[in-house]
Amino acid sequence: MRLIVAFSPGSALDGAARALARGAEKELGVDIIVQNTASGAGTTAVAQLAKARADGSCLAACAGNALIFLPRRNPVSYDPLRDVEPLLVFGQASPVLVTRPDAPWRDMASFLEATRKSRGSMRIGIPGLGSPSHTALVMMTAKDPSLSWRFIPFGGPGEAETALLGGHVDAAASGALPRIRQGQLFPLMILAGTRPVTLPQVPTLADGGFADPGRGDASFFLLAPKNVPEETLNRLCAAFEKAAGSEDFLKTLEHFSVAPVLKAREEAKAFLSEAWAEEDATLKAAGLSR
Amino acid sequence: MTPLHPIFHRHALRAVLALAGACALLFSPPALSDGMPGPGLWARLTGAGLLLCAVLFPGPGQKPAHAPAAVRPCLGLVFSSLLWIMLLLPAGWMAATLLSGFCAMKSAGCSLKESLLIPALLCLVLEAGMVHLLQWPMPEGFLWTMLSGA
Amino acid sequence: MDVSAVDPSLASQAWAALCAFPLSPSLWLLVFIGVFAGMAVGVLPGFGPPAAMALLFPLVYTLDPLPGISLLAGIFYGAKYGGAVTSILMGIPGEADAVATLFEGRPLALAGKAKQALAAATLASFTGGTLACLGMALLAPALSRAALFFGPSGRAAVMAGALALVAFTSPGGARRNLCMIFLGLALALPGMDPVYGTARLTFGSPLLSGGVELTALLLGLFGLGDLLNALLQPERRGPEQEAPAAPPLRRLSAAMAALRGTLLGFLTGLVPCGAGVTASFASHALEKRLSRHPEDFGRGAWEGLAGPEASNNAAAMASFAPLLLLGLPTNPIMAALLGALTVMGVVPGPSLPQEQPDFYQGFFFCLIIGNMLLLAMGLGLAGFWARLARLPFRLLWPVILLLCLTGSYVGADGLAGPVQCLAFGLLAVFLKRQGCSPAPLVLAFVLGPRLETHLLQTLFSYW
């Protein structure tokens with residue numbers, strides 16, 4: 001069986017998806033080969049899934065942005081509400097804006113000050129155009145016109161962090177809390193509404209007065225192609241739900257500081273439609289929808 | 001294989017390059033999106049480069065081969081490949097491999113015994129290695145399922 | 001945390017670890033299983049290390065970190081060796097970094113020197129792997145800082161440099177190779193844009209929507225193409241009788257080639273820029289440039305076999321450095337390893353050597369063990385593989401054909417694979433008649449999307 005992961009290895013989604021796959025392997029009794037397809041900030045993976053055989057041998061794990069935000073902005077080859085079947089929501093990430101430990105700005109306020117002074121020449125590395133962190137940052141610039149950045153797209157948070165450490169960007173949006181804990185990266189701001197337990201001092205978007213793109217974008221979905229037979233879907237759902245409740249999986253989530261949000265199949269589907277509508281409203285308010 | 005007419009031979013690759021370049025330039029997305037470099041930028045750069053290459057290409061640099069080439073095994077290869085491709089989904093990969101292996105070996109000039117034995121052996125080895133050991137799903141052939149299930 | 005601090009006592013730590021290294025039989029056994037499994041899988045074209053690793057993952061998770069990761073690493077370069085075997089014997093490159101091996105390996109096999117060629121390839125791989133491993137264990141922290149220095153523009157420059165090197169040294173002349181490069185870039189265009197993810201140039205066809213598949217390209221261009229070109233020749237020749245004699249083996253220059261290849265591969269592997277492919281192609285081009293007998297290249301120059309094989313393995317070893325020290329995987333296999341490491345609680349990062357010295361140093365010693373086992377197995381099995389290659393051509397080519405078709409189906413996971421494979425086989429015939437070499441095309445195809453990504457990143461930085 002194949003699991004296509006929509007982000008690059010080492011990212012929070014990848015870690016969580018692999019842990020989920022390992023748990024489900026035991027339940028289902030088949031090997032699950034994990035494949036990372038990080039391009040297009042997740043849309044390539046979902047597009048591959050939409051074209052896959054509808055026999056339950058191919059699944060995808062993606063973040064909500066590939067289903068909610070990106071299809072609005074870019075022409076994609078799938079209909080997010082009809083061409084794929086959400087099986088599970090297994091987590092919610094909080095991307096963090098980080099910078100080098102020796103950078104001149106020590107908190108969000110000074111970073112924003114520096115941004116205003118530099119007049120758009122500061123560079124932020126993002127894991128992909130249209131990823132949740134990118135959306136959050138764009139909404140910040142929409143709210144406060146004096147802020148503007150150059151966004152450099154990378155294949156994943158790992159690459160963005162590497163570029164940061166090499167001095168090629170000034171800040172990066174990543175989710176690698178182990179590295180923050182180790183002190184290799186310095187957190188400036190949480191680019192989401194929820195704050196992970198391990199970073200109590202870091203301000204969130206709400207603290208800075210900025211809007212949150214919505215819970216939908218940052219949620220992790222497990223998807224199947226449409227028209228997979230019901231019994232197969234039920235079997236898969238049961239296995240993955242059991243895996244999502246296991247000790248190992250929860251420990252992995254904690255390691256990546258992903259909130260253990262769990263929604264079973266019907267709930268996941270409803271959540272997707274809700275988040276779709278919710279994001280519509282938020283984007284219109286920010287003046288970003290077309 | 002009959003040698004291509006000299007003019008085609010000289011300009012064939014040039015035509016391919018020019019065609020590829022034209023396609024890349026005409027059918028790719030816009031080069032700039034929202035004022036920033038977009039998905040079509042690289043495609044158009046490549047297309048322009050291809051057109052330049054079509055002009056720069058120095059030609060094949062040798063006369064087309066005049067000696068009669070052994071066409072029959074070649075056609076046998078192409079035919080076996082096409083047979084395999086067409087049989088794969090309907091009849092399943094084992095049948096496809098056996099049949100096209102047989103055809104290929106016959107066109108290679110092998111004896112009947114060899115033509116039956118070697119594809120069968122190959123099938124067994126690949127079946128054991130790929131399907132059972134690595135659990136790779138190979139097509140079973142919908143004709144069988146239709147016949148046996150219906 | 002200062003990434004560049006080279007622990008001054010690292011060398012002495014390494015020496016202490018070497019002296020105290022437990023010669024536990026179970027560790028050796030695990031690495032042996034990994035290498036053997038990798039080799040068995042690597043010989044099947046279209047299957048790469050990911051399939052074998054996925055197979056053994058469940059076993060890995062029940063083990064401790066060190067044996068588990070060593071098992072996976074063993075599979076990784078066991079598969080590389082398997083890829084070299086099919087490259088040399090059948091001219092089928094299973095992966096992109098096995099392509100440069102077949103430039104000289106295949107003519108050597110056709111000239112009846114298959115066993116020697118395989119032995120030489122094994123020795124070169126061993127040299128490259130072991131030296132790179134030692135270099136890594138001692139120098140990695142400083143080197144990974146150097147790797148950080150290569151930003152998008154730097155990486156794009158390295159790739160462009162490799163393409164230029166290959167353009168000037170491949171047969172056919174610079175202008176023809178430039179055309180091949182652009183053709184390769186063009187083939188990489190259809191499919192998904194690597195930065196935006198939008199579809200381009202697919203013309204709505206299901207055969208093209210995934211783009212051109214690398215496996216189909218390699219198997220078609222080299223596997224089928226080789227078969228078709230061989231079949232088209234007017235006289236059918238036996239493997240030994242009328243094949244052009246291979247150039248004599250000059251041991252010293254072949255050894256020097258392996259050392260140069262090691263250095264090249266080691267440096268290239270540290271920078272994420274398509275390490276194995278770039279290194280092996282560049283090594284072949286370099287050897288041809290430096291050789292006193294450049295006319296030997298293409299007919300079975302031993303230096304042209306030793307260099308790429310050594311650089312291939314050196315690059316593979318060196319790509320563990322970004323993985324362990326930066327958490328940055330440079331190819332899909334490293335990605336799988338990263339996933340495994342995370343599960344086992346090993347956090348990759350610059351402080352890994354200090355925080356988990358047992359794991360870090362033990363890992364490198366396991367790699368060296370793996371290299372030694374590979375050498376033993378490679379030399380021991382060379383005779384067996386070579387005997388297979390001496391079968392008459394008319395028996396072999398249908399088997400190669402079917403392997404190519406199956407492999408491309410597996411690699412593309414769909415019928416698009418074999419169709420593209422056949423198309424590329426015919427393209428190979430066409431290109432040969434036009435006097436063009438397919439090497440720059442393949443390199444450009446592999447590097448194209450990365451080059452594009454880095455170019456766009458550079459433009460975004462300065463727009």
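This is a chat about a predicted model, covering chain A and then chain C.

Trainee: How many helices and strands are in chain A?

Mentor: Chain A has 11 helices and 10 strands. These are DSSP runs numbered from the N terminus: helices are H or I with at least four residues, strands are E with at least two.

Trainee: Why does a radius of gyration of 18 Å agree with a compact globule for chain A?

Mentor: A compact globule of 290 residues would have a radius near 19 Å, so the 18 Å of chain A agrees. The radius is taken over C-alpha atoms, and the globule rule is 2.2 Å times the number of residues to the power 0.38.

Trainee: What share of chain A is buried?

Mentor: Buried residues are 59% of its 290. Buried takes 20 or more other C-beta atoms within 10 Å of the residue's own; exposed is 12 or fewer, partly exposed is in between, and C-beta atoms are placed from the backbone.

Trainee: How many residues of strand S3 of chain A are buried?

Mentor: Six of six, in a strand that spans residues 58-63. Cys58(A), Ala60(A) and Cys62(A) are buried on one side of S3(A), and Leu59(A), Ala61(A) and Ala63(A) on the other.

Trainee: Which strands pair with S3(A)?

Mentor: Strand S1 (residues 2-5) of chain A runs parallel to S3(A), joined by four bridges. Strand S10 (residues 219-225) of chain A pairs with S3(A) in the antiparallel sense, also over four bridges. Pairing needs at least two bridges found by DSSP.

Trainee: Which residues are partners there?

Mentor: Leu3(A) has Leu59(A) as its bridge partner in S3(A). Cys62(A) has Phe221(A) in S10(A).

Trainee: What order do the strands take in the five-stranded sheet?

Mentor: The order is S7-S6-S8-S5-S9 in chain A, in an open sheet with mixed pairing. Its edge strands are S7 (150-153) and S9 (186-190) of chain A, each pairing on one side only.

Trainee: Switching to chain C. What's in it?

Mentor: Chain C has 19 helices and two strands. Buried residues make up 66% of its 463 residues.

Trainee: How do H6(C) and H12(C) cross?

Mentor: The axes of helix H6 (residues 114-148) and helix H12 (residues 302-318) of chain C come within 7 Å and cross at roughly 35°. Axes are lines fitted to C-alpha atoms, for helices over the stretch in contact, and angles run from 0 to 180 degrees between N-to-C directions. The crossing is right-handed.

Trainee: How many residues of chain C touch chain B?

Mentor: 49 residues of chain C are in contact with 54 residues of chain B. Contact means C-beta atoms, placed from the backbone, within 7 Å. Helix H17(C) gives the most to that side of chain C, with 10 residues.

Trainee: What classes are on that side?

Mentor: It has 35 nonpolar, six polar and eight charged residues. Nonpolar covers Ala, Val, Leu, Ile, Met, Phe, Trp, Tyr, Cys and Pro; charged covers Asp, Glu, Lys and Arg; the others, Gly among them, are polar.

How values were computed. Residues are numbered from 1 along each chain as its sequence is written. Chains are lettered from A and ligands numbered from 1 in the order in which they are written. This is a predicted model: local features need pLDDT of at least 70, side-chain atom pairs count only at pLDDT 80 or more; totals for chains, interfaces and linings use all residues. A crossing is left-handed if the near helix is turned anticlockwise from the far one by less than a right angle, and right-handed if clockwise. Two residues are in contact if their C-beta atoms, placed from the backbone, lie within 7 Å.
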